[in-house]
Amino acid sequence: MHFTSENILLISSILIFCSILISKAGYRFGLPSLLLFLIAGMLFGSDGLGLQFNNMNHAQFIGMIALCVILFTGGMETKFKEIKPVLGEGLALSTIGVLLTTVFTGLFIFLLSEWDMAPISLPLVTCILLAATMSSTDSASVFNILRNSRMKLKNNLQPLLELESGSNDPMAYILTIVLIQIANTLSGAGAESIDAWTITADALKTLLLQFGVGIIAGMVMGYFAVWVLNKVHLTNAPLYAILLISIVFFTFTVTTKLYGNGYLAVYLAGVIIGNHKITFRKEIFSFLDGMTWLVQIVMFVALGLLVNPHEMLQVAPIALLIGLFMILVGRPLSVFLTLIPFRKVSLPSKTYISWVGLRGAVPIIFATYPVIAKVEGSGLIFNIVFFITLMSLIIQGSTITSAAKKLNLSLPVPDDDNKFGVEVPEEAGKLVEVTLTEEALQLGNTLKEVKLPEGMLVMMIKRGEKFIVPNGSVELHEGDRLLIISENDDED
C-alpha cells in the first residue's frame, strides 16, 4: 500500500487516532508514550500492515519542523531563574559531554568492527559518525517523560536535564555534519591525499559559525518576538500563537542560511520569550502544548513507518552491544568526567543524570543525514541507531521514576492544580491558591479578621464543590481554598 494524494488524509487520521489509543493502553504499563507512537508507526509500516514510506528527505523535513516546535516550546517553558544555578553544568554536558560520548562510543564501535566475529566492518571515521548521530539526549523524550511523570526532583535536576536535552542537539548536529564531510572526503580522495590541517580548520570554522550565528540569531529573534507580541494589536487571540510559530520557522531558516545552528537559535529564542511578559501568554502556551503533541506524534509515527524491522533485526546483536555500552559505560563516563569541576553535584545526582541519557527521534533524524549524503555504511548506521533508540526508550524511559526513588532524589509532587480554573492577564497580577488551616483562623473566621499581606485580595472561596463570592462577613472554615490575586513582583 502506497501513500497517494487521495488517501493521505485518511491514512494520517487513522494513524494518529490509533497511535493515541495505543499510547493510552501502554501508559498503564509504564511505557513512554513516544515509544508507543514509534511502535505504532512500525506496526503500520512495510513489515506490518504494508504502508510504504521510505523517503529519507521527507522524514528529515518532518523531523526538522517537529524539532523546531519541540525545542521552542521547551525553551518557552524553561524558567531562567530555575536554570541559572545549573547553567554551567548544563552547558558543559551539552557540549563537552556530547563530544566525550561520541569519542568513547565511536572507539568502542571501531573495536567491535575490528573483531572478526562482528557482523560489521566500518572505518574509524564512520564509527565515530555513528556515535555522533546518537550522542545527544533527545529533547522530545526528556521533556515529555519528565513533565508527565508526576515527579519532582531534588538538587535542581529537572531544569538541569531539560537544559541539557534542549541545548545539546546543536553539538551532535555539528559533529554529524563535520564527520559526514570527512567521511565523504576520505572515501573520495584516499587517505594519502588528505590534508589533516585543512579538515581541522574547516571543522573549527563550522563549529564557530554554528554556535556563534546560532546564539546571536536566537537572542535577536527572541527579543524581536517579545517586542512584536507586545506591540502588535490583533483582533483574535489565537493569531498571536500563529504569529509566534511563523517567527520560529523564520528564525530557523534564516539562521541555517547564515551557516548557524537553527535548532540552537530556536531554543534560545524560546527561553528569552518565555522569560518575558508577553500578551496572551495562556493562549499561546495552550496552542504550543497542543502543537507540540501533534508534531511529536507525526514525527514518531513517520519514523516508525520509515524503518524496515527485518533489516533492523539483522543488526540487533551488534546494536545491543553498542546500546549497552552507551547506557552503562559511555554516557556515565562522559557525565562523570564532564562534571568533575562541579563539586556541588552529588554522586546520586551524577548517577541519575547518567541514566537519563534518553535517545529518541533526534538520533533517528540525524541518522538520515548520512543516508542522504550517501556515506558508505549509512544504511547500517540508520538501523543501528533505530534499534538503540527503541532500547533506550524501553529500558531508560520506563525506569526514570523508579531510578529517582532508588537514588532518593524524588520529592512529593506539590498540589499545584488550578482548582478554580481561573486565569488573569499576566500584567494584571499573579494568582495564588491557599488552603486555610486551623492556625490561619486563630485570629478569627471571617475575611476581615484574617490578615493578608499588603497587595493581596481574595477573589473566590471554594468549599468542597461549592464556590462562594467573598465579602468581609463570610464565615471561613478550615480546609476552605482561597483564590488570591497579588501584585506582580518587579523582579519577575
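Colleague: At what angle do helix H2 (residues 33–44) and helix H13 (residues 281–306) pack?

Modeller: In this predicted model, local features need pLDDT of at least 70 and side-chain atom pairs count only at pLDDT 80 or more, while totals for chains, interfaces and linings use all residues. Residues are numbered from 1 along each chain as its sequence is written, and side-chain values use heavy atoms, leaving out hydrogens and water. Helices (H or I, at least four residues) and strands (E, at least two) are DSSP runs, numbered from the N terminus; axes are lines fitted to C-alpha atoms, for helices over the stretch in contact, with angles from 0 to 180 degrees between N-to-C directions. The axes of H2 and H13 are 7 Å apart, and the angle is about 45°.

Colleague: How are H2 and H13 oriented to each other?

Modeller: Angles under 35 degrees count as roughly parallel, over 145 as roughly antiparallel, 65 to 115 as roughly perpendicular and the rest as oblique. The angle here is about 45°, and H2 and H13 are therefore oblique.

Colleague: Which strands are the edge strands of the open sheet?

Modeller: Four strands form this sheet with antiparallel pairing, in the order S3-S6-S4-S5; two strands pair if DSSP finds at least two bridges between them. Each edge strand pairs on one side only, and these are S3 (430–435) and S5 (466–468).

Colleague: Which residue of S6 is the bridge partner of Ile461?

Modeller: Strand S4 (residues 456–463) and strand S6 (residues 481–486) pair in the antiparallel sense over six bridges. For Ile461, the bridge partner in S6 is Leu482.
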